Structure formats: structure tokens, C-alpha cells
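Hello,

Here is the structure I promised to pass on. Please open it alongside this message; my notes follow below.

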Amino acid sequence: MQAMHSFKSFLKSGHGPTLFASFLYFTFSCCVWVLNGAMAPFIGESFALSPAQQGLMLSIPIIAGALMRFPLGVLSQYIGRKNATLVEMGLIALALVFGLLFVRTFNDLLAMGVLLGIAGASFGVALSLGAGWFAPQHKGLAMGLVGAGNVGTAVSVLLAPPLAQWLGWQSVYGVAAVAMLLPMTVMVLFAKEPPDVNSRASLREHVACLFEKDGWVFSLIYGVTFGGFIGLVSFLPTYYHDQFGVSKVQAGQLTMLAAFMGAAVRVFGGWLSDRWGGVNTLTLVLTVVTVTLVLVGLSSASLVLTTVLFIACFAALGAGNGALFQLVPLRWPASTAVAGSMIGEIGALAGGLVPNAMGLSRQYLGSYVWAFVFLAALALTMLGVMRVMQQRWTRTWVDKGGRARSSLPAAAQAQLS
């Protein structure tokens with residue numbers, strides 16, 4: 001009862017319809033972003049793709065989406081965040097029409113991957129629009145709720161395979177184009193441009209955090225958590241179909257279990273970090289990711305055990321996404337938006353590494369095992385780096401374990417600025 005009252009108070013402190021419109025926009029964008037991954041078993045069969053070609057096909061939307069985040073963010077500063085979302089959704093619909101009518105060769109498919117990347121650019125604008133109406137003490141929850149739109153990846157892998165089996169995989173692009181009318185309509189009718197200042201940040205300001213060690217550490221950790229999430233979601237239908245011989249529809253259903261868990265736990269990761277500390281939470285997250293990925297590689301004979309391990313891995317990845325963005329405003333209090341934008345871009349770029357690593361491992365080493373071991377080694381490396389860096393962090397800008405400080409010493413404030 002008290003939690004419900006608190007949530008109602010939270011909604012009243014901002015603009016609920018804009019928050020919902022942002023969530024819906026981000027959900028549909030995530031759904032479209034991983035569409036090729038959801039239909040990969042159908043596409044691979046249609047074009048007789050090698051494992052390396054499948055990995056390349058699946059990596060392109062992820063990389064393109066990461067690269068398009070910055071241009072969309074700049075556009076939103078000039079025409080407003082609401083208008084920027086409408087422009088993007090219009091371009092997504094046109095891209096899907098291209099997929100329906102013009103994809104005939106493997107090169108066309110790669111071009112379609114670039115166009116699907118338009119949908120992956122939505123992250124920064126969605127969070128800024130949805131959280132813009134809320135006071136600083138509520139922005140974390142607002143961003144977490146919008147970020148839960150990652151659940152669109154689970155919707156995609158659940159619905160696209162049966163639609164592809166029924167209508168043909170190219171027709172799914174047409175269905176998705178029509179479906180984009182829903183978030184566009186909701187955005188037009190209910191969303192309002194937030195009153196907070198959407199200042200025009202220069203390129204120098206956007207990349208400033210990457211001239212600092214902390215900026216790179218945060219970006220690489222996000223590369224493991226979010227990059228691992230989006231990269232594995234894109235590849236799991238292919239992995240399940242190839243490794244266990246399940247049907248294309250069943251492969252999507254099994255992927256949905258993990259993807260839904262990762263999206264749902266993101267909000268919990270932010271909540272846990274507020275109370276236990278972001279560094280503590282990320283320590284647990286990276287440990288779980290390392291262990292589960294190694295065990296997935298070793299359990300390739302058991303479908304049930306693999307699925308359970310993937311669910312645990314995705315739960316950790318989702319919590320890690322929320323935990324990292326609990327730390328970003330503590331480290332860059334005066335430039336949270338631009339720092340978060342750049343960290344998000346680098347992290348999403350890393351997601352393109354996952355399908356490529358999986359495809360190359362299968363084609364040239366004969367097994368997916370080595371790709372899982374490689375990804376686990378990256379997670380373990382970032383755990384070690386973070387534990388070394390946190391000794392300085394707790395002396396300057398954050399409390400022990402990564403909890404927020406009520407105030408910073410003058411020397412720490414000077415160092416951060």
C-alpha cells in the first residue's frame with residue numbers, strides 16, 4: 001500500500017503520459033532493432049549464410065545503432081526531444097518498408113541492418129524525454145522505467161518467429177512498419193516537451209568523459225553489461241537453433257525468457273545500487289556474468305541447464321545496466337546527460353562484438369565455447385579494473401561500495417570539476 005502511494009506521488013511529481021510515451025517509443029524501437037536477430041534462423045536458411053556471415057549480419061544493426069545515437073541527440077537539441085522521436089520513428093517505418101520491398105541479396109540484407117540501426121539510436125532521447133519532467137531525486141526511477149523498454153527485445157524474439165513462419169520473414173518488416181503507428185500516435189497525442197533545459201552540448205563536451213580514465217572504465221563496463229545484453233539477444237535464436245536443433249519458433253521463445261529477465265531486472269539494479277552501492281552491485285554482476293558464461297560454454301549438451309544459465313546471466317546483465325547508470329550522475333553531476341550519452345554509445349558499440357565472436361568461433365574453431373570463454377574473460381577483466389579504480393573513487397566522489405555521498409569534500413569537488 002505504501003509502495004503504491006509512493007509510486008503515485010512519483011507520477012504526480014512529473015508528467016506520467018510523457019513517461020509512458022517514452023517507454024512505448026523505446027520498447028518499439030528495441031523490438032525493431034533486434035528484428036534480424038529474432039528472424040536469423042529464417043534469414044540464414046534463405047540466404048544459406050555461413051556462421052561468420054550470420055555474425056556479421058547481426059552485428060551491423062547494433063554497431064549502426066550505437067553510431068546513430070549521437071546525431072539523434074544533437075538533432076533533439078535543435079528541434080526538441082519529442083519532435084526528434086517522431087522524426088526517428090518515421091525513418092524507422094521507411095526503413096521497414098525498404099526491408100519489405102527491396103531486400104533480395106546478402107548485400108541488401110547488410111544495408112537493411114544499417115537501417116535497423118536507426119531504431120537503436122533511441123536510447124538517449126527516450127530517457128531524456130521521459131525523465132525530463134521529473135525532479136533530480138526522481139530522475140533515476142524515471143530513467144529506469146523508460147529503460148525497461150528493453151523488454152521490446154523479448155517481444156521481438158517472441159513474436160517475429162511465428163509471424164515469419166506464417167507470413168514469410170520479409171513480411172514481418174511490413175507488420176512492424178504498421179505497428180510503429182501506435183507509438184507515433186501516443187507520442188503525438190500525449191507527450192509534452194519537458195521544461196528542463198535541453199542545452200546544446202558541443203562535440204568536445206560530449207567526448208570529454210573519454211579523456212578521463214573513469215570515462216573509459218564506465219564505457220567498457222557498460223560494454224560488458226549492455227553490449228552483452230543486446231549482442232546475446234541478437235544471437236541467441238541462432239545459437240538455440242544451431243546448437244540444440246529446436247524449431248525456429250522455439251528458439252525465439254527460449255530467447256524471450258532470458259531477454260525478458262534482463263529487461264525486467266534493470267530497474268531492480270538501479271534500486272539495489274541506491275541502497276547497497278553501485279560498485280558492490282557491479283561486483284556481484286560481473287562475477288555472475290563471468291561464471292554463467294563459462295558454464296554456458298561447458299553445458300552445451302543440456303538445453304534446460306543452458307536456458308537456466310542464460311536467465312541468470314541476463315538477470316545480472318540487466319542489473320548491471322541499472323547499477324552503472326546509478327554511478328554516472330554521481331561521477332559527472334554537472335554533465336550527466338552528455339557523459340551518459342557517450343558511455344551508452346561506446347557500450348552499445350561493444351555489443352557488435354558478440355555476434356561476430358560467436359560466428360567466428362563456430363566457423364574457425366568448430367564450437368561456440370571459445371566465444372563464451374572470451375566474453376567471460378572480458379567481464380572478469382573489467383571486474384578487476386573496477387576493483388582497482390574504486391579505491392580512488394571512494395576517496396573522491398562516492399561512499400564505500402558506491403553509495404551516494406550527501407556532500408563531497410572541497411578537494412574532491414575541485415578534482416571532479
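**Phenylalanine 123 and its surroundings**

Leaving aside neighbours within four places in sequence, phenylalanine 123 is in contact with Phe26, Arg69, Tyr222, Arg266 and Phe325. Please keep in mind that this is a predicted model. Phenylalanine 123 sits in helix H8, which covers residues 123-131. Is phenylalanine 123 buried or exposed? Its relative accessibility is 4%, so phenylalanine 123 counts as buried. Leucine 72 is 51 residues away from phenylalanine 123 along the chain. The C-alpha atoms of these two residues are separated by 9.8 Å.

**Helices H5 and H6**

Leucine 72 also turns up in a helix pair. Leu72, Leu75, Ser76 and Ile79 in H5 meet Arg81, Asn83, Ala84, Val87 and Glu88 in H6. By class, this contact of H5 with H6 has 5 nonpolar, 2 polar and 2 charged residues.

Now the geometry. Two packed helices are described by the angle between their axes and the distance between the axes. H5 spans residues 51-79, and H6 spans residues 81-102. They pack at an angle of about 130 degrees, with axes 7 Å apart. The crossing of H5 and H6 is right-handed.

Look also at the loop between helix H4 (40-47) and H5, where alanine 48 is found. Alanine 48 has a positive phi of about 50 degrees, although it is not a glycine. Is alanine 48 buried or exposed? The relative accessible area of alanine 48 is 64%, so this residue is exposed.

**Helices H10 and H11**

Helix H10 (residues 151-167) packs with helix H11 (residues 169-179) at an angle of about 120 degrees. The axes of H10 and H11 are 7 Å apart. H10 and H11 are therefore oblique to each other. Their crossing is right-handed.

Which residues make the contact between H10 and H11? From H10 come Ala160, Leu163, Ala164 and Leu167. From H11 come Trp169, Ser171, Val172 and Val175. The residues of this contact divide into 7 nonpolar, 1 polar and no charged.

**Two histidines**

Start with histidine 15. Its place is in the loop between helix H1 (2-12) and helix H2 (16-33). The relative accessible area of histidine 15 is 15%, which is under 20%, so this residue is buried. Which side chain does histidine 15 join in a polar contact of 2.6 Å? The partner is the side chain of threonine 18. Beyond four places in sequence, histidine 15 is in contact with Trp133, Phe134, Phe190 and Lys192.

Next is histidine 138, in helix H9 (residues 136-147). With a relative accessible area of 25%, histidine 138 is partly exposed. Leaving aside neighbours within four places in sequence, histidine 138 is in contact with Phe10 and Ser13. How far apart are the C-alpha atoms of histidine 138 and serine 13? They are separated by 8.3 Å. Along the chain, these two residues are 125 residues apart.

Threonine 225 lies in helix H14, residues 213-244. Its relative accessible area is 0%, so threonine 225 is buried. Neighbours within four places in sequence aside, threonine 225 is in contact with Val285, Leu317, Gly320 and Asn321.

Valine 289 is in contact with Cys313, Ala316, Leu317 and Ala379, leaving aside neighbours within four places in sequence. The place of valine 289 is in helix H16 (residues 278-298). Valine 289 is buried, with a relative accessible area of 2%. Methionine 39 is 250 residues from valine 289 in sequence. In space the two are 26 Å apart, C-alpha to C-alpha.

**Where to start**

I would begin with phenylalanine 123 in H8. Then turn to the crossing of H5 and H6, and to the crossing of H10 and H11.

Best wishes

Conventions: Residues numbered from 1 in each chain as written. Predicted model: local features only at pLDDT ≥ 70, side-chain atom pairs only at ≥ 80, totals over all residues. Heavy atoms only, no water. Helix = DSSP H or I, 4+ residues; strand = E, 2+ residues; numbered from the N terminus. Buried < 20%, exposed > 50% of the residue type's maximum accessible area, 1.4 Å probe, protein only. Polar contact = N/O pair within 3.5 Å; in protein donor to acceptor, adjacent residues only side chain to side chain. Contact = heavy atoms within 4.5 Å. Axes fitted to C-alpha atoms, helices over the stretch in contact; angles between N-to-C directions. Parallel < 35°, antiparallel > 145°, perpendicular 65-115°, else oblique. Left-handed = near helix turned anticlockwise from the far one by under 90°. Nonpolar A, V, L, I, M, F, W, Y, C, P; charged D, E, K, R; others polar.
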